[in-house]
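Keep the viewer open and follow along.

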Amino acid sequence: MGSVEAAAPKLAPPSHATAARPRKQNNQPKIRYPFWFGGSASSMAACVTHPLDLENSRQVRLQMRHGDAPKNMSGTVVRILQTDGPLGLYSGISASLLRQLTYSTVRFGVYEELKTRMTSPGGQPPSFPALTAMAACSGFLGGIAGNFADVLNVRMQHDAALPPADRRNYKHAFDGLARMAREEGAPGLFRGWLPNSSRAAVMTAGQLASYDIFKSLLLAYTPLGDTLTTHFSASFLAGLAAATATSPIDVIKTRVMSSTQPSQGILRLIGDIYRTDGMRWVFKGWVPSFLRLGPHTICTFIFLESHRKAYRAVKGIDGAV
């Protein structure tokens, strides 16, 4: 008996290094979800958050008002409800949906495909630099695919701020697409494609890659499981990252796409903005940008996770990966 007791191993107290390790690791094989999930989730998010785009176009709308114009977003919403009714809050929704069905379908689909291919057989995900590079590449391709819809979206939102003679008065996205192709040709469809695709690359890197990292950190280092709380927290942080990263490019993109003048070089445009606004132009409009992008990012990933959950349930797949 004494020899048995002597042979029994003694349990050493946990070291600081052991205690600092992640609570759990996710090494399950990666599930290949349908390509269109990202576009579908983004379109559903656009239906929820489209009225928030009023904050982005509030200044240009107020330029057409008189001295009693509302000075804040709530006042603008009330004025639109009075003049245009509830449907006024969804002005240009067709262009917004068309943009998500092209741009977001491509960027989410390519990113998820690259991430699946780069995931190790044991389920170890790619590193953060690799995820960022894949997301940036996916966003750039998505920006090219959805550029024409983005041009339509910007024009339909800002049309009311133009002089009556310069207004385009597109009836809906497909009417605008047909008129753009007929009146402007290919240059109109790809107007501002470089700043638009650059913005899409930066935003997708800040949005998709950071969401995956924040989600994995929350799952590994906190008691949170794969729940709505985790999805909300990770998507909120991803929205902050995306809004900050894309702020300067967003200013340039909007200036280019809403312009009625012939195209000018990007460097010249930046010089013009710097002369009028100084270095403040880099984060000009960050707050309304986050108020629009943050809720849209949160809704997108919550809808996307719902898509994934339903897919796993239909396919009878256990786990959340």
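Start with the second largest cavity, which has a volume of about 40 Å³. A cavity here is a set of points on a 1 Å grid over the protein atoms alone where a 1.4 Å probe fits but cannot get out, and a volume is the space filled by probe spheres set on the points, with grid points joined across faces, edges and corners. The structure holds two cavities of 30 Å³ or more. Before going further, a bit of housekeeping: this is a predicted model, where local features need pLDDT of at least 70, side-chain atom pairs count only at pLDDT 80 or more, and totals for chains, interfaces and linings use all residues. Residues are numbered from 1 along each chain as its sequence is written, and side-chain values use heavy atoms, with hydrogens and water left out.

So what lines the second largest cavity? Its lining is made of F108, Y111, E112, K115, L208, Y211, D212, F301, L304 and R308, where a lining residue has an atom within 4 Å of a point. Helices are DSSP runs (H or I, at least four residues), numbered from the N terminus. The top contributor is α6, with four residues. By class, the lining has six nonpolar, no polar and four charged residues; Ala, Val, Leu, Ile, Met, Phe, Trp, Tyr, Cys and Pro count as nonpolar, Asp, Glu, Lys and Arg as charged, and the others, Gly among them, as polar.

Now for how these helices pack. Two packed helices are described by the angle between their axes and the distance between the axes. Axes are lines fitted to C-alpha atoms, for helices over the stretch in contact, and angles run from 0 to 180 degrees between N-to-C directions.

Take α11 and α14: their axes are 12 Å apart, at an angle of about 55°. That makes α11 and α14 oblique to each other, since angles under 35 degrees count as roughly parallel, over 145 as roughly antiparallel, 65 to 115 as roughly perpendicular and the rest as oblique. On the α11 side, the contact (heavy atoms within 4.5 Å) is made by R199, M203, Q207, L208, Y211 and K215, and on the α14 side by R292, L293, T297, F301, E305 and R308.

Next, α6 and α11 cross at roughly 55°, with axes that come within 12 Å, and are therefore oblique as well. Here R99, Y103, R107, F108, Y111 and K115 of α6 meet a set in α11 that includes R199, M203, L208 and D212.

From α6, S94, A95, S96, L98, R99 and T102 meet F148, A149, D150, L152, N153 and M156 of α8.

Key
1 Å grid on protein atoms, 1.4 Å probe; cavity = no way out; pocket = protein on both sides within 12 Å on 5 of 7 lines; lining within 4 Å. Helix = DSSP H or I, 4+ residues; strand = E, 2+ residues; numbered from the N terminus.
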